[in-house]
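Trainee: I would like a close look at a single part of this model. Please take me through it in one go, and then set it in its surroundings.

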Amino acid sequence: MDSTQLAIEERVAEQHRHHRKAVFFYVWVALLVMTAIEVYLTYQNLPPVKMLTILLGLSFIKAALIIGYFMHLKYEVNIMKWATICSVVGCLIIMTIFFFPDAFRILHIGVK
Amino acid sequence: MAESALHDIPSVYEPSLFGTYSKKIGMWLFLLSDSLTFGALLYAYSYGRISTANWPTPFHSASIVNATVMTAFLLTSSLTMVLAVRASVERNAKAQTLWLLATMACGIGFIVLHGREWSNLIAEGLSLPMFPAVPGHEAASEFVNVSKTVPQFAATFFGLTGMHMLHVTLGVIYLGVVALRRKFIPILLVLWLVAWLGTPVYSPFHYGAHVLLIAAIVISIILWLKPKVYDSSDVEVAGLYWHFVDLVWMFIFPLVYLMSAKIL
């Protein structure tokens with residue numbers, strides 16, 4: 001491996017050393033608590049649309065915590081953050097545009 | 001030494017655009033492409049659910065409890081993984097190996113519980129045409145009806161969760177190689193034999209176990225071609241993969257299990 005790569009690795013490792021271990025435990029507890037809330041709501045037999053909204057909301061918060069803290073994206077440079085997030089979100093938006101109107105159409109008028 | 005190396009960067013190459021090393025950027029690119037694979041599978045599941053009026057909700061309380069414990073295993077494995085990364089940057093090799101082994105143990109726990117869940121559902125009649133029939137089991141009518149009336153439920157359920165289970169299995173193998181290197185190969189072969197010979201011939205895991213054999217062969221070739229001691233950057237990159245597997249489950253668990261729960 002060349003010296004540039006080694007130097008960058010050392011710098012990234014240095015950034016890791018500054019993170020307090022307690023932060024990871026707080027994130028882990030938050031993730032477990034949100035999971036417990038999801039399961040509790042399941043036992044409350046909420047209406048499906050309301051349930052889906054809450055579950056997806058919690059899932060996105062959990063995903064953000066995992067990506068930000070465990071996957072360390074929060075501490076990366078801005079271009080890395082934006083390139084990563086924008087590319088995935090852009091593709092998912094395109095999938096949403098293609099999939100869901102058609103799924104609702106089939107639900108309401110049947111397969112033609 | 002690190003400071004002098006940093007000062008040398010401009011004189012050797014231009015600094016990285018993304019401010020990190022190439023292995024990590026490579027893993028992020030892989031994860032971005034993999035997220036689209038899972039995105040497509042989750043969209044396919046959601047599409048089927050929206051467009052099918054009588055979508056089944058077959059998961060009783062026992063399944064929900066089982067899936068919740070699986071989720072706890074994965075979340076805990078993410079914590080142990082991040083502690084392994086931290087130990088690696090502190091150059092604490094013993095702690096790094098122990099945390100990696102703890103992560104693998106949680107991953108194996110997840111796979112075992114998931115396998116048990118699959119086996120129970122298959123025995124009760126929720127199955128795919130490609131799965132052999134389970135002898136001596138009277139299929140519960142509820143699941144037989146599900147497989148007949150809404151076949152896309154079993155197809156999307158087994159497709160999505162099977163793909164995720166494969167990722168977790170490969171993740172455990174990846175961590176095993178990073179933690180133990182060549183010592184992991186005989187362990188993997190023993191796991192393959194246990195999984196292959198310990199499951200009945202009608203179980204999909206009887207054939208699925210051969211993934212472990214294929215992995216053992218691939219690992220042997222890689223370690224033979226390029227033997228190396230894995231450093232903190234390798235542990236961090238392996239951690240990215242592992243956290244991604246956890247991340248995907250955060251969507252599968254609510255969408256597949258909790259939204260299809262039948263709580264009486």
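How are α2(B) and α6(B) oriented to each other, roughly parallel or roughly antiparallel?

Mentor: Bear in mind that this is a predicted model. The axes of α2(B) and α6(B) cross at roughly 160°. An angle over 145 degrees counts as roughly antiparallel, so the two helices are roughly antiparallel to each other. Their axes come within 10 Å. Angle and distance belong together here: two packed helices are described by the angle between their axes and the distance between the axes. The crossing also has a hand. As α2(B) passes α6(B), the crossing is left-handed.

Now the residues. From α2(B), the contact takes in Leu41(B), Leu42(B), Ala44(B), Tyr45(B) and Gly48(B). From α6(B), it takes in Gln152(B), Thr156(B), Gly159(B), Leu160(B) and Met163(B). Sorted by class, six residues of this contact are nonpolar and four are polar. None is charged.

Look next at α2(B) by itself. The helix spans residues 22–51, 30 residues in total. From first C-alpha to last, α2(B) reaches 43 Å. That is close to the 44 Å expected at 1.5 Å a residue. Its buried residues are Lys24(B), Trp28(B), Leu31(B), Phe38(B), Tyr45(B), Tyr47(B), Arg49(B) and Ser51(B). Tyr45(B) is on that buried list, and it is also one of the residues that meet α6(B). Lys24(B) and Arg49(B) are buried too. The partner helix, α6(B), covers residues 151–180.

Step back to chain B as a whole. Its secondary structure comes to 10 helices and zero strands. From the N terminus on, the elements run α-α-α-α-α-α-α-α-α-α. The C-alpha atoms fill a box of roughly 70 × 40 × 30 Å along the principal axes. Chain B has 264 residues, and 39% of them count as buried. Among its contacts with a separation of 6 or more, 75% join residues 24 or more positions apart.

Most residues other than glycine have a negative phi. Arg91(B) has 11 other C-beta atoms within 10 Å, so it is exposed. The other spot is Tyr207(B), in helix α8 (residues 204–208) of chain B. Tyr207(B) has 12 C-beta neighbours inside 10 Å and therefore counts as exposed. Its C-alpha is 7.0 Å from that of Trp196(B), a residue 11 positions away in sequence.

Chain B also packs against chain A. Here the pair is α3(A) and helix α10 (residues 232–257) of chain B. Their axes come within 9 Å and cross at roughly 175°. These two helices are therefore roughly antiparallel as well. On the α3(A) side, the contact is made by Leu55(A), Ser59(A), Lys62(A), Ala63(A), Ile66(A), Ile67(A) and Phe70(A). On the α10(B) side, it is made by His243(B), Asp246(B), Leu247(B), Met250(B), Phe251(B) and Pro254(B). By class, nine are nonpolar, two polar and two charged.

What about α3(A) itself? The helix has 23 residues and reaches 31 Å from its first C-alpha to its last. That is close to the 33 Å expected at 1.5 Å a residue. Buried in α3(A) are Leu55(A), Ser59(A), Lys62(A), Leu65(A), Ile66(A), Ile67(A), Tyr69(A) and Phe70(A). Their cover comes from both chains: it includes α2 (21–42) of chain A, together with α3 and α10 of chain B.

After α3(A) comes His72(A), whose phi is positive, near 70°. His72(A) sits in the loop between α3 (48–70) and α4 (78–109) of chain A. It has 21 C-beta neighbours inside 10 Å, so His72(A) counts as buried.

Last, chain A overall. Its secondary structure comes to four helices and zero strands. Along the sequence the pattern is α-α-α-α. Of its 112 residues, 21% count as buried.

Methods. Residues are numbered from 1 along each chain as its sequence is written. Chains are lettered from A and ligands numbered from 1 in the order in which they are written. This is a predicted model: local features need pLDDT of at least 70, side-chain atom pairs count only at pLDDT 80 or more; totals for chains, interfaces and linings use all residues. The expected span of a helix is 1.5 Å times one less than its number of residues. A residue is buried if 20 or more other C-beta atoms lie within 10 Å of its own, exposed if 12 or fewer, and partly exposed in between; C-beta atoms are placed from the backbone. Axes are lines fitted to C-alpha atoms, for helices over the stretch in contact, and angles run from 0 to 180 degrees between N-to-C directions. Angles under 35 degrees count as roughly parallel, over 145 as roughly antiparallel, 65 to 115 as roughly perpendicular and the rest as oblique. A crossing is left-handed if the near helix is turned anticlockwise from the far one by less than a right angle, and right-handed if clockwise. Two residues are in contact if their C-beta atoms, placed from the backbone, lie within 7 Å. Ala, Val, Leu, Ile, Met, Phe, Trp, Tyr, Cys and Pro count as nonpolar, Asp, Glu, Lys and Arg as charged, and the others, Gly among them, as polar.
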